[in-house]
Amino acid sequence: SGDRASSMDYIERVFEDFRELHGDRCFGDDHALIGGLALMEGQPVTILANLRGKTMQERFHRNFGMPKPEGYRKAIRLMQQAEKFGRPVIAFINTSGAFCGIDAEERGQGTAIAESIMKMAGLKVPTLCILVGEGGSGGALAIAAGNEVWMMEHSTYAILSPEGYSAILWKTEGRAEEAAKIMKLTAQDLAELGVIERIIPEFGGATAQTVDQIAPVMRDAILDFLRRYDHMSAADVVQDRYSRFRKF
């Protein structure tokens, strides 16, 4: 919903000196999937984040958080840059999915997503992915192939929306609630299934009122993650991620 804390609300509170970088050096800049550099206790990190917008004007600007191919190609460019300079990658995911418009298809949406997953899966630097709202379909998975995947307490992660699932299975969108239960898309379900490593508490719900309580918890958890991976060789980081996904 509109009052839920955005990726940027966390970025501003968890990191120091975030600098956004623009463009995929190929077609243009995508406003639904942003990226850039920041510091965490002096350590440079690369940040990727979905932004959906809060006001109607911003939502149009952000394409309601649905990236086009240039968003994923920008993510790939920034991941390659992170690998070159040895910077961990931290991704904040909040999207209903990749944009499925004609222009996105013409510019190779499927390929861009596949290449992004492939790039992230093989990165020689530690990667941490945090679902802060909705994690929908391949559009979310494109930047979710991390060494660890975390979820906010009330976020969701699924192959498609409950409405879509209901429409495919029962030829109606009306059974979305029933579909949601079957899909096991909550943080609690996915932690139980071993799909995610950690749940970040929301103190009643991630809003402007609680974001200042959530941020220090998230920051401490991220610092702990960075310390754990700090002394790992590049080969061990890749092997760790490979083992994580093989266990499914």
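Glu12 belongs to helix H1, residues 7–14, where helices are DSSP runs (H or I) of at least four residues, numbered from the N terminus. The model is predicted, so local features need pLDDT of at least 70 and side-chain atom pairs count only at pLDDT 80 or more, whereas totals for chains, interfaces and linings use all residues. Residues are numbered from 1 along each chain as its sequence is written, and side-chain values use heavy atoms, without hydrogens and water.

**Helix H1**
- Six of the eight residues of H1 are buried, so the helix is largely enclosed by the rest of the structure; buried means under 20% relative accessible area, exposed over 50% and partly exposed in between (1.4 Å probe, protein chains only).
- The buried residues are Ser7, Met8, Asp9, Tyr10, Ile11 and Val14, whereas Glu12 is exposed at 54% relative accessibility.
- The C-alpha atoms of Glu12 and Ala215 are 9.2 Å apart, although 203 residues separate them along the chain.

**Aromatic pairs**
- Six aromatic pairs occur in the structure, a pair being rings of Phe, Tyr or Trp (its six-membered ring) with centres within 6.5 Å, stacked if the planes are under 30 degrees apart, edge-to-face over 60 and tilted otherwise.
- Phe225 and Tyr229 form a tilted pair, with ring centres 4.6 Å apart and planes at 35 degrees.
- Both residues lie in helix H10 (residues 211–230), four residues apart, about one turn of the helix.
- Phe225 is buried at 0% relative accessible area, and Tyr229 is buried at 6%.
- Phe245 and Phe248 pair edge-to-face, 6.0 Å centre to centre with 80 degrees between the planes.

Technical notes
Helix = DSSP H or I, 4+ residues; strand = E, 2+ residues; numbered from the N terminus.
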